[in-house]
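Subject: Structure handover

Hello,

Here is the structure I said I would pass on. My notes on it follow below.

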Amino acid sequence: MAEHTNLATQALEYWTDAWQRSILFMDVLYRRGTERNARERETAPHVLNFEFETVIDGRTLPRPVNYSLMRIIPPPGMEIDESKRPFIVVDPRAGHGPGIGGMKQDSEIGVVLKAGNPCYFIGFLPAPVPGQTIEDVCHAEAQFIEQVAYLHSEAEGKPALIGNCQAGWQIMMTAALHPELTGPLVLAGAPLSYWAGVRGKNPLRYLGGLTGGTWMTSLAGDLGNGKFDGAHLVSNFENMNPSNTYWKKGYHVYANVDTEEKRFLEFERWWGNPVLLNAEEIQFITDNLFVGNRLSNGTIHDSDGRRIDLRNIRSPVVVFCSWGDDITPPQQALGWLLDLYENDAAMVAGGQTVVYTLHESIGHLGIFVSASVANKEHDEFTRTMDLIDVLPPGLYEAVFIDKGGEGVHSPELAEGNYVVRFERRDLNELRALGGNDDEDERRFATVARLSEINQGLYRTFVSPFVRAVTNEQTAEWMRRLHPYRMRYELFSDMNPFLNGIGAMAEQVRAQRKPVSPDNPFLKMQEAASQQIVAALDRYQVLRDQGVEQFFLSTYGQPLLQTLVGLRADSANIRRRIGRDIARESVVAARRTEAAKRLASGGEREAVMRAILYIARSPELRAADERAFATLRELRMRLPAKERMSLSRFKEVVQEQNMILQLDEERAMAALPKLLADADRRRALEGVRQIMTASGKLEGEAARRLARVEELFNA
């Protein structure tokens, strides 16, 4: 009898708690929808957690856009060093509104300010300027960067740009068109090689094949009366993970409504307000990037006929990607390098420097939202940006070593919580990540060709009719009736049946009685939730397998490939970027000039040549922030008039690295000639301090140091 009484008591406790949680959860949804409605009425809604002032309103430019440049005002008590390199954070316009790069203190903007660097932000309005194009946005970004450089003309280094997701490929296009303006570029979860991926994963890349190309994008633009609703993009993201979208996300709040309310509402402030794009903008994106994959093979041209060639970018590119990112997997974030360069020698000869880091598990949004990522990767990249800027050309992987670990030499030389090393890698490391074979490349090329055919058919026979029956009123109603928006409006102040939910929630909070964690009915609830998640996950696996099989079998048919004109040139399916004779001529001239200066220079050139020579040993092949910190310390000991600027230092590094590449033995034999009027003892001691900052040299590195000592003492 006692057991039955106890079970009845536990059941009553559970149902009381479940009823209270239901009311509180409904109140959370009601507040989410009501806040979203209020933001829709704002002129410039955003989720920035920092004060700012507008520097340039893009609507006032000769080619107006809905983007603006804002200067972030640091919080009280936070000191900014105006002599430091400025940073510009660019948020993605991929369906959502602006501000995610600074929606909390531990964010990309937060770590820049904490490091003492001036910080700017490029945001946008919910609706585009009529006629605005992607090229117009790139030109506006170039003017923004130029203005920041002008405001910080005395700073060490050009402005560094952080581009999140869609903003990453957009700043790459800007940098390719205006390479003289930008400093280092940080790409956070940014796709650049859209066809790349591995079988069994990355189903989003097959989406264009399911619909026969981009004609449905044109249809959506026509139905939107010339505007594309970002809710379509957000829905595509959500459909990738049905268990999270349709159950886990809401259930987690329901089950933990006493503690999760604030976090949930903060995120929904950003997630719940999709923005609009001009139909021409989204068409450019889908035709040239998502389906055409034309950015990394250099087949996009601007309105002046200039090819957008990513090899033109002179600044280092930092690629931050993750194995847990199902929207921009590592292959899509890094595969563009394999499209641009046949081998490492071509990359080095082209003067391109790329640093990448692969997170083990963080998801797409976590790359630029997670506080742990902000306080580690983004913080360390910010602090070491000057070192990244002067790295010799080549491919590097960023390695983070905990300063508190055993055996870490001179941890005090690293400013943050980690010691950062940039270790040399080669393109084979990227090939090992996995990718398409020739047959897969042919399938994606078939989709691109079929897309052009379907697009032509749609534009000729369907689009005129759709445009004739569409106006702004019908477009607005379609946007309002989109399921993504409806779920917010149903649980908001627009629903009169929920007007009393707030008062009920207040009463529940006053009488709240959470159930005990060991309540058997609560455990049954958790078990049921896990079963629902497992079922949705099984559905996702089967769906993704079906999508992949449909794509592979449909677009792998020889008949279809022949009909779109591919089988005849099957030997050249993978279109690599073509040679650029003008660029090659510039590189050749630079190498010739460097060869002439093999025996020219002074103490600075000699020291840098010695450092690079030792660093080329197999044991090192890395740049360490401790060595750079030592170099900076030695620089500060010099009189102000003798200190070399960062830009001049970068020029010396590039020149001496090229000299060593041309003929290492001749370059080292000529080293004593550079030391004719130098303080050899001081110079040699500087080389020793810099090269041993991260620990004692061994093996080939030690032998190279010994040779340098002999040459300095010759």
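Two residues are in contact here when heavy atoms of theirs lie within 4.5 Å. By that rule, and leaving aside its neighbours within four places in sequence, Val687 is in contact with Val607, Ala610, Ile611, Ile614, Leu705, Val708 and Phe712. Please keep in mind that this is a predicted model.

An open sheet of 11 strands has mixed pairing and the order S1-S2-S4-S3-S5-S6-S9-S10-S11-S12-S13. Its edge strands, each of which pairs on one side only, are S1 (51–57) and S13 (622–624). On average, and with direction ignored, neighbouring strands are turned by 25 degrees against each other.

At the S1 end, strand S2 (residues 67–73) is joined to S1 by six bridges, and the two run antiparallel. Across this pairing, Ile56 stands opposite Leu69 in S2, and Thr54 stands opposite Met70 in S2. S2 is also joined to S4, by five bridges, and this pair runs antiparallel too. Here Leu69 stands opposite Ile122 in S4. Is S2 enclosed or open? S2 is largely enclosed by the rest of the structure, because six of its seven residues are buried.

Helix H4 (residues 166–177) lies across S2, S3 (87–90), S5 (160–164), S6 (185–188) and S9 (317–322), and runs at about 140 degrees to S5. Helix H15 (residues 371–383) packs on the sheet as well, where it touches S3, S6, S9, S10 (353–359), S11 and S12. The direction of H15 makes about 130 degrees with that of S11.

Helix H7

Helix H7 covers residues 230–239, and its buried residues are Gly230, Ala231, Leu233, Val234, Ser235 and Glu238. The N-terminal end of H7 is capped by Asp229, which has a side-chain oxygen 3.0 Å from the backbone nitrogen of Ala231.

Loop residues

Asn117 is found in the loop between helix H2 (108–114) and strand S4 (119–124). Is Asn117 buried or exposed? With a relative accessible area of 7%, Asn117 is buried, because buried means under 20%. Leaving aside neighbours within four places in sequence, the contacts of Asn117 are Ile80, Lys84, Arg85, Phe87, Val112 and Thr382.

Two other loop residues have a backbone angle to note. Most residues other than glycine have a negative phi. Asn225 has a positive value, near 55 degrees, and sits in the loop between helix H6 (215–223) and S7. Asn225 is partly exposed, with a relative accessible area of 34%. Ser410 also has a positive phi, near 50 degrees, and its place is in the loop between strand S11 (394–402) and strand S12 (418–425). Ser410 is buried, with a relative accessible area of 17%.

Cysteines

How many disulfides does the structure hold? The count is zero. Cys138 is in no disulfide, and the nearest cysteine sulfur, that of Cys165, is 15 Å away. Cys138 counts as buried, at 0% relative accessibility. For Cys165, the closest cysteine sulfur is in Cys321, at 13 Å, which is too far for a bond because a disulfide needs sulfur atoms within 2.5 Å. Cys165 counts as buried too, at 9% relative accessibility.

Regards

Key:
Residues are numbered from 1 along each chain as its sequence is written. This is a predicted model: local features need pLDDT of at least 70, side-chain atom pairs count only at pLDDT 80 or more; totals for chains, interfaces and linings use all residues. Side-chain values use heavy atoms; hydrogens and water are left out. Buried means under 20% relative accessible area, exposed over 50%, partly exposed in between (1.4 Å probe, protein chains only). Helices (H or I, at least four residues) and strands (E, at least two) are DSSP runs, numbered from the N terminus. A polar contact is a pair of N or O atoms within 3.5 Å; within protein, one must be able to donate a hydrogen and the other to accept it, and residues adjacent in sequence count only if both atoms are side-chain atoms. Two strands pair if DSSP finds at least two bridges between them. Axes are lines fitted to C-alpha atoms, for helices over the stretch in contact, and angles run from 0 to 180 degrees between N-to-C directions.
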